[in-house]
Amino acid sequence: LRMEGALQRALQRQEFLLHYQPVVDIATGNVSGVEALLRWKPHGRPMVAPSDFIPLAEETGLIVPIGEWVLETAMAQQVAWLRRGLPPVRVSVNLSARQFLGQDVAQRVAALLAKTGCDPRWLTLEITESVLMQNPAAAAETMARLANMGVQLAIDDFGTGYSSLASLKRFPIHSLKIDRSFVSDLTQDADDAAIVNAVIALAHSMKLNVIAEGVETSEQLAFLHEHGCDQMQGYCFSRPVEPQGIEALLRAAEAA
Ligand code: G
Ligand code: G
Ligand code: MN
Ligand code: NA
């Protein structure tokens with residue numbers, strides 16, 4: 001209950017911030033984008049991890065205004081990097097169940113794109129597989145509207161839900177993100193390796209881009225490279241960092 005009150009006041013107290021984790025093209029090693037990840041730093045207290053407050057925010061409905069702040073901040077950051085002379089950076093934003101199914105998210109995204117001046121072609125929205133499957137008909141309609149605006153859509157935590165790849169055909173999806181639970185034991189567990197391979201092969205047969213999450217070791221990276229995975233995120237390349245860290249990374253890449 002105290003947490004709920006604190007979370008309620010966090011927006012007006014400006015206690016939220018975004019970190020960004022690079023998304024790396026496996027074949028070239030280039031940073032092709034970043035994922036925005038929410039952080040909560042209550043005044044005078046240590047950072048609270050998203051897993052410790054997003055479920056509560058979701059339950060109480062606070063995730064809707066918080067998610068709105070995340071969208072606007074990430075879009076504004078995309079524009080700010082561009083204005084600072086960097087090449088365009090694709091920014092991915094996570095959408096919660098309530099944000100995606102409980103409100104007119106396409107209308108909200110359109111309004112925020114207009115407000116920030118962000119080009120929709122550089123925005124990716126991530127929806128988890130389980131949210132997609134909660135209401136496939138509504139999800140398909142919302143995604144069609146977002147895709148028509150030029151926004152890219154990614155399925156997050158793929159493999160943890162119950163959708164078949166065949167059922168994904170009805171959604172205008174651009175990317176699949178392989179959940180890190182499959183990546184972590186990739187080089188030890190033959191079942192996980194088989195799952196990852198199957199997802200890569202089938203995604204490619206559907207002309208989808210595949211991103212592996214939670215890549216921590218060079219052995220995992222080598223496996224993914226060998227099996228044709230397109231992109232990766234993980235501590236192996238970089239943890240989520242402040243916006244300045246992303247800018248430094250992009251400037252270093254330009255200079256190289
Ligand atoms: O950054 P971290 O690994 O701690 O994130 C933990 C979880 O919180 C992940 O599942 C991630 O998708 C989720 N998350 C991070 N930022 C956001 C956000 O802005 N909105 C929503 N809905 N979920 C987020
Ligand atoms: O569910 P989502 O994919 O949005 O979650 C992203 C989360 O994964 C973030 O909380 C981020 O901090 C975390 N993460 C990113 N890279 C790694 C990694 O290499 N290993 C682990 N264990 N977590 C990671
Ligand atoms: Mn994500
Ligand atoms: Na994920």
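Okay, housekeeping. Residues are numbered from 1 along each chain as the sequence is written, and chains are lettered from A and ligands numbered from 1 in the order they are written. Because the model is predicted, local features need pLDDT of at least 70 and side-chain atom pairs count only at pLDDT 80 or more, while totals for chains, interfaces and linings use all residues.

So, the barrel. Eight strands close up in the order E1-E2-E3-E4-E5-E6-E7-E8, with mixed pairing. Strands here are DSSP runs of E with at least two residues, helices are runs of H or I with at least four, and both are numbered from the N terminus. Two strands pair if DSSP finds at least two bridges between them. Take E4, residues 123-128: it runs parallel to E5 over five bridges, and one detail there is that Thr128 has Asp156 in E5 as its bridge partner. As a reminder, strands of a sheet pair through backbone hydrogen bonds, parallel or antiparallel.

Helix H3 lies across E1, E2, E3 (90-94) and E4, at about 175° to E3. That angle is on a scale from 0 to 180 degrees between N-to-C directions, with axes fitted to C-alpha atoms, for helices over the stretch in contact. Contact means C-beta atoms, placed from the backbone, within 7 Å.

On to ligand 1. Which parts of the chain supply at least two residues each to its shell? Strand E2 (31-40) and helix H3 (63-83) do. The residues around ligand 1 include Leu37, Leu38, Gly67, Val70 and Pro240; a residue is near a molecule if its C-beta atom, placed from the backbone, lies within 6 Å of it. By class, that shell has seven nonpolar, four polar and no charged residues. For the classes, Ala, Val, Leu, Ile, Met, Phe, Trp, Tyr, Cys and Pro are nonpolar, Asp, Glu, Lys and Arg are charged, and the others, Gly among them, are polar.

Ligand 2 has 14 residues around it, and Gly214, Glu216, Gly234, Tyr235 and Pro240 come nearest. Its shell divides into four nonpolar, five polar and five charged.

Now helix H10, residues 218-226. Its buried residues are Gln220, Leu221 and Leu224. Down the axis of H10, these buried residues fall within an arc of 100°, so they line one face of the helix; the arc is taken over directions from the helix axis to the C-beta atoms. Buried means 20 or more other C-beta atoms within 10 Å of a residue's own, exposed means 12 or fewer, and partly exposed is in between, with C-beta atoms placed from the backbone. Ser218, Ala222 and Glu226, on the other side of H10, are exposed. The cover over the buried side includes H8 (180-184), E7 (209-212) and E8 (231-232). After H10 comes Gly228, with a positive phi near 80°.

Last, some single residues. Asp157, in E5 (152-158), has a positive phi of about 55° without being a glycine. Is Asp179 buried or exposed? Asp179 counts as buried, with 22 C-beta neighbours inside 10 Å. Asp179 sits in the loop between E6 (175-178) and H8. Leaving out residues up to four places away in sequence, Asp179 touches Asp157, Phe158, Gly159, Thr160 and Glu213.

Note on methods: Contact = placed C-beta atoms within 7 Å.
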